[in-house]
Amino acid sequence: MQEHLDQLVFAPSLAARHAEMDGELRRARGRGVRDDADQCPRLEVQPRTRPQRAEDRLGRQVDELLHDWIGVRGLVDALHVRVAEKLATQLFALLVHLAHGHDRPPWIRVAPRPAGPQPRDGLRRAPRIGKIGRIVCHSPPCRARCTPSRGRSASRRAAWERGPRPEARRSTVVASPEDEGRLTDVRVATWQGESRFTLDDAPEPVAGPGQVVVAVHAAGICGTDVHATQGLFPWKPPLVLGHEYTGVVRAVGRGVSRSLVGRLVGCEPSYGCGKCAECEAGRVSQCPQCVRVGGFAERVALPARNVHPLPRGLDPVTAAMTEPAACCLAGLETFRMPRGATVLVIGGGIMGLVTMVLARRRGARRLILSDPIEERRQIARHLGASMVIDPVHENLRDKVMELTGGRGADVVCEAVGKPELVAEAVGMTKPTGFFQLVGVNPKGSRLALDLWDVHFREIRIGGAFGRGTAYRRALTLMPKLGLKRLVTARFPLEQIGEAFAHAAAGHGVKTMITPAKA
Ligand SMILES: [Zn+2]
Ligand SMILES: [Zn+2]
């Protein structure tokens with residue numbers, strides 16, 4: 001109500017003021033005084049409309065066309081240029097948008113613009129849509145490249161029509177700056193038979209299509225390597241041993257992402273033909289044409305699928321034990337671990353200890369480990385063993401039966417590789433239990449076993465050779481297993497002989513060769 005009263009009071013005086021100002025303005029104009037119309041309180045400001053720039057240009061072109069007496073045909077051509085330009089720009093923007101966010105460059109083929117009336121000479125031509133051959137997304141930033149559609153040979157044109165071969169999308173071999181200038185030879189430690197090793201210069205490995213070159217950071221000595229030098233494993237010298245290694249990717253071949261260069265990776269040390277039934281099932285170690293790439297070398301070339309970036313929190317020396325861990329995991333994955341199982345592991349070497357740790361992760365509750373070396377029993381305690389047994393001073397069988405109420409363990413893993421120990425250990429497995437061969441017995445070993453006992457008590461005996469398909473799963477688990485303490489000695493590549501002597505003497509758990517200076 002008060003507002004209405006205010007309006008009633010003030011409205012007449014405002015109208016009078018406007019009339020007064022109008023009179024003043026008219027008088028001022030008559031006297032030649034400056035026009036202050038924009039000071040008028042009743043001034044209405046109309047928005048000024050500015051034609052769009054494209055319309056300006058089009059307008060200018062139309063003006064020019066008309067001015068030049070080109071006529072209606074020229075006007076149609078000018079409109080054609082504008083519409084085609086607009087469509088091409090929008091299509092291009094859409095393609096760039098689609099390409100953005102992909103880590104591989106998508107190839108996009110666009111049908112060339114259908115033949116039709118072309119703009120007459122002298123006018124700017126519409127961009128040819130068919131020119132947009134490839135959009136490469138480097139995000140960020142997202143960049144687009146055009147493949148010229150003219151002047152190329154028939155074969156290049158055909159290749160462009162096909163698009164890139166999958167393995168050839170990125171075809172650059174990259175070497176890291178610190179390697180430049182010294183990529184000439186690479187040192188490898190060659191096993192020459194028995195316990196003899198030589199340090200040789202070999203040609204620098206080259207990353208072929210689909211391959212990477214890895215500078216080896218750490219390579220573990222496996223019990224199998226030691227057995228080979230003792231004549232207990234059927235490998236023939238000369239040979240570059242070492243199948244447990246990690247390193248840094250130094251170069252990539254055609255078809256391999258450059259983002260791998262400089263990354264720490266765990267290496268699967270062998271690959272198969274890729275065609276046989278074993279390869280298709282992922283059992284590369286069973287492929288008749290399996291190729292093993294020895295890691296006791298400064299650099300090795302491997303298929304890119306064999307290298308896996310290390311997970312966060314895993315150092316490259318500990319990660320070198322991923323391969324034996326994968327072998328243990330592949331063995332444990334051959335059967336279903338009974339929930340809350342009691343697991344007896346005989347042998348506290350790397351395979352026994354890792355098997356014990358992985359058994360817990362697979363549901364075992366009580367872990368019993370037997371080893372005559374106190375240092376290993378100590379490590380087993382740290383890794384979670386419920387009970388450790390010294391078989392030299394205690395009767396292993398009596399102790400196990402005492403701990404399991406006379407039934408035996410649900411799962412028994414023999415991780416030493418002695419046939420007589422295997423025969424004894426089968427007797428410590430409970431009825432319907434699992435017996436797992438983890439240690440590698442010498443070739444030709446015979447098992448003196450009471451087969452009636454195996455049949456009557458329904459013991460399942462199994463084993464696994466190699467990592468199967470378990471490498472990546474093992475690598476994911478590695479940071480959680482606490483295995484760092486298992487690396488008990490490191491030697492440079494030059495001292496590989498001493499390193500093997502150290503490992504063969506049974507010192508510590510895992511002996512590492514470190515070709516790259518840490
Ligand atoms: Zn091994
Ligand atoms: Zn194969």
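**Labels and the values behind them**

Modeller: Gladly, and please keep in mind that this is a predicted model. Let's start with a helix pair: helix 9 (residues 350–361) packs against helix 14 (residues 471–481) at an angle of about 95°, and their axes are 12 Å apart.

Colleague: Why are helix 9 and helix 14 called roughly perpendicular?

Modeller: The label roughly perpendicular covers angles of 65 to 115 degrees. Helix 9 and helix 14 pack at about 95°, so they are roughly perpendicular to each other.

Colleague: Which residues in helix 9 and helix 14 meet?

Modeller: From helix 9 there are Val357, Leu358 and Arg361, and they meet Leu477, Lys480 and Leu481 of helix 14. Sorted by class, this contact has four nonpolar residues, two charged ones and no polar ones.

Colleague: On to the metals. What are the protein donors of the zinc ion (ligand 2)?

Modeller: They are the SG atoms of Cys273, Cys276, Cys279 and Cys287, at 2.3 to 2.4 Å from the ion.

Colleague: What makes the arrangement around the zinc ion (ligand 2) tetrahedral?

Modeller: Four donors count as tetrahedral if all angles lie between 85 and 135 degrees. Around the zinc ion (ligand 2) the four donor atoms subtend angles of 105 to 118°, so the arrangement is tetrahedral.

Colleague: Why is Cys279 called buried?

Modeller: Buried means under 20% relative accessible area. Cys279 has 14%, so it is buried.

Colleague: What coordinates the zinc ion (ligand 1)?

Modeller: Cys222 through SG and His243 through NE2, at 2.1 to 2.3 Å. Cys222 sits in the loop between strand 3 (211–220) and helix 5 (223–229), while His243 sits in the loop between helix 5 and strand 4 (245–252), so the pair ties together parts that are 21 residues apart in sequence. Water is not among the atoms, so sites may look incomplete.

Colleague: How do you know that Cys222 and His243 count as buried?

Modeller: By the under 20% cut-off again. Cys222 comes out at 10% relative accessibility, so it counts as buried, and His243, at 17%, therefore counts as buried too.

Colleague: What share of the residues of the protein count as buried?

Modeller: 44% of the 518 residues. The secondary structure comprises 15 helices and 17 strands. Among contacts between residues at least 6 apart in sequence, 67% join residues at least 24 apart.

Colleague: Why does Gly347 count as buried?

Modeller: Gly347 has 5% relative accessibility, so it falls in the buried class. It lies in the loop between strand 10 (342–346) and helix 9. Leaving out residues up to four places away in sequence, Gly347 touches several residues, including Leu353, Asp371 and Val416. Its C-alpha atom is separated by 8.5 Å from that of Gly439, which is 92 residues away along the chain.

Colleague: What makes His308 buried?

Modeller: A relative accessible area of 5%, so His308 is under the cut-off. His308 belongs to strand 9 (residues 307–309). Among the residues that it touches, beyond those up to four places away in sequence, are Leu264, Glu268, Tyr471 and Leu475.

Colleague: And the backbone: why point out the phi values of Glu194 and Thr432?

Modeller: Because most residues other than glycine have a negative phi. Phi of Glu194 is near 50°, and that of Thr432 is near 65°. Glu194 lies in the loop between strand 1 (185–193) and strand 2 (196–203), whereas Thr432 is in strand 14 (residues 429–437).

Colleague: Why is Glu194 called exposed but Thr432 partly exposed?

Modeller: Exposed means over 50%, and partly exposed lies between that and the buried limit of 20%. Glu194 has 56%, so it is exposed. Thr432 has 38%, so it is partly exposed.

Colleague: Lastly, is the peptide bond from Pro237 to Pro238 cis or trans?

Modeller: It is cis, with omega near -5°. Pro238 is placed in the loop between helix 5 and strand 4.

Terms used
Residues numbered from 1 in each chain as written. Chains lettered and ligands numbered in written order. Predicted model: local features only at pLDDT ≥ 70, side-chain atom pairs only at ≥ 80, totals over all residues. Heavy atoms only, no water. Axes fitted to C-alpha atoms, helices over the stretch in contact; angles between N-to-C directions. Helix = DSSP H or I, 4+ residues; strand = E, 2+ residues; numbered from the N terminus. Parallel < 35°, antiparallel > 145°, perpendicular 65-115°, else oblique. Contact = heavy atoms within 4.5 Å. Nonpolar A, V, L, I, M, F, W, Y, C, P; charged D, E, K, R; others polar. Donors = N, O, S within 2.8 Å, 3.2 Å for Na, K, Ca; no water. Tetrahedral: all angles 85-135°; square planar, octahedral: opposite > 155°, others 65-115°. Buried < 20%, exposed > 50% of the residue type's maximum accessible area, 1.4 Å probe, protein only.
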